[in-house]
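Colleague: Could you walk me through this one? I would like to begin with a single residue and then go on to the rest.

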Amino acid sequence: MRGSSPACSATGSSSSVAVLDTGALIASLQLRLPLTCVTTPQVYDEVKDEESRSSLELSLSLHKLIIVAPSQDFLGAALREAGSADVAGRLSKADLSVLALALELAACGKEAFIATDDYSLQAAAAKAGIKVIRVRYAGIRELRGHRGAEREGS
C-alpha cells in the first residue's frame with residue numbers, strides 16, 4: 001500500500017522522513033536536517049512564541065516542512081504502542097499524532113524517524129521500532145521494565 005495514504009503522498013518520493021515534535025520545531029531542526037521534515041497540525045498549533053512561529057512560516061515557504069495529519073487507523077496504532085511501552089498516560093494528543101504519523105510513513109515503506117527530546121515519546125517510538133533523532137539532550141539508552149527490551153543506540 002505504498003503511497004496510498006495522504007501522509008505517504010505528501011512526502012512524495014522521499015525514502016527517509018523525520019517527524020518533528022514541538023521541541024524540534026522550536027529548535028528549528030527542520031531548517032538543519034537533510035531529510036524531508038513533517039509534523040502534524042496538533043504539533044504546529046502548539047508552537048506559540050513569535051520567533052518559533054516565524055521559523056515555522058519560513059520553513060513552510062521554503063518547503064522544508066510539510067504539515068500532514070495521520071490517519072485515524074494509525075492514531076489507534078500509536079495509542080496501542082504507547083500503552084505497550086507503558087507511557088500512554090504521559091503522551092499528549094500532539095505526541096500521539098507524531099507517533100501515529102511516523103507509524104503511517106513506515107507502513108508505506110519510508111524510513112521514519114521521530115525528532116524529539118521527550119522521554120515518553122522516545123520510549124513509545126523505540127517500542128514501535130521507530131528510530132529517534134535527539135534534538136538537544138541525550139536520549140533513552142534502553143527500555144526498562146519490558147521483557148525483551150533491547151539497548152538503544154548500540
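Colleague: Where is Leu-62 found?

Modeller: In this model, which is a predicted one, Leu-62 sits in the loop between α4 (50-61) and β3 (66-67).

Colleague: And is Leu-62 buried, exposed or partly exposed?

Modeller: Leu-62 has a relative accessibility of 48%, so it counts as partly exposed. Together with Leu-31 and Leu-58, Leu-62 makes a nonpolar surface patch of about 240 Å².

Colleague: New topic: how many disulfides are there?

Modeller: The count comes to one disulfide, and it is formed by Cys-8 and Cys-108, whose sulfur atoms are 2.0 Å apart. A disulfide is a covalent bond that joins the sulfur atoms of two cysteines.

Colleague: What does the link of Cys-8 and Cys-108 tie together?

Modeller: Cys-8 belongs to helix α1 (residues 6-10), while Cys-108 is in the loop between α6 (93-107) and β4 (111-115), so the pair ties together parts that lie 100 residues apart in sequence.

Colleague: Which hand does the link of Cys-8 and Cys-108 have, and are the two buried or exposed?

Modeller: The link is left-handed, with -105° about the S-S bond, and both Cys-8 and Cys-108 are buried.

Colleague: What about Cys-37, buried or exposed?

Modeller: Cys-37 counts as buried, because its relative accessibility is 2%, and the cut-off for buried is under 20%.

Colleague: Let's turn to charges. Which residue forms a salt bridge with Glu-111?

Modeller: That is Lys-131, and the closest N and O atoms of the pair are 2.9 Å apart. The structure holds one salt bridge. Side chains of opposite charge can pair when their charged atoms come close.

Colleague: Which parts of the chain does the pair link?

Modeller: The pair links distant parts of the chain, since Lys-131 is in strand β5 (residues 131-133) and Glu-111 is in strand β4, 20 residues apart. Lys-131 counts as partly exposed because its relative accessibility is 47%, and Glu-111 is partly exposed as well, with a relative accessible area of 33%.

Colleague: What should I keep in mind where pLDDT is low?

Modeller: Where pLDDT is low, the predicted coordinates should not be read in detail.

Note on methods: Residues are numbered from 1 along each chain as its sequence is written. This is a predicted model: local features need pLDDT of at least 70, side-chain atom pairs count only at pLDDT 80 or more; totals for chains, interfaces and linings use all residues. Side-chain values use heavy atoms; hydrogens and water are left out. A disulfide is a pair of cysteine sulfur atoms within 2.5 Å. Helices (H or I, at least four residues) and strands (E, at least two) are DSSP runs, numbered from the N terminus. Buried means under 20% relative accessible area, exposed over 50%, partly exposed in between (1.4 Å probe, protein chains only). A salt bridge is a side-chain nitrogen of Lys or Arg within 4 Å of a carboxyl oxygen of Asp or Glu. Patches are made of residues with over 30% relative accessible area and no salt bridge: like charges are joined within 9 Å, nonpolar side chains (Val, Leu, Ile, Met, Phe, Trp, Tyr) within 5 Å. Accessible areas come from the Shrake-Rupley method with a 1.4 Å probe; for residues, only the protein chains shown count as cover.
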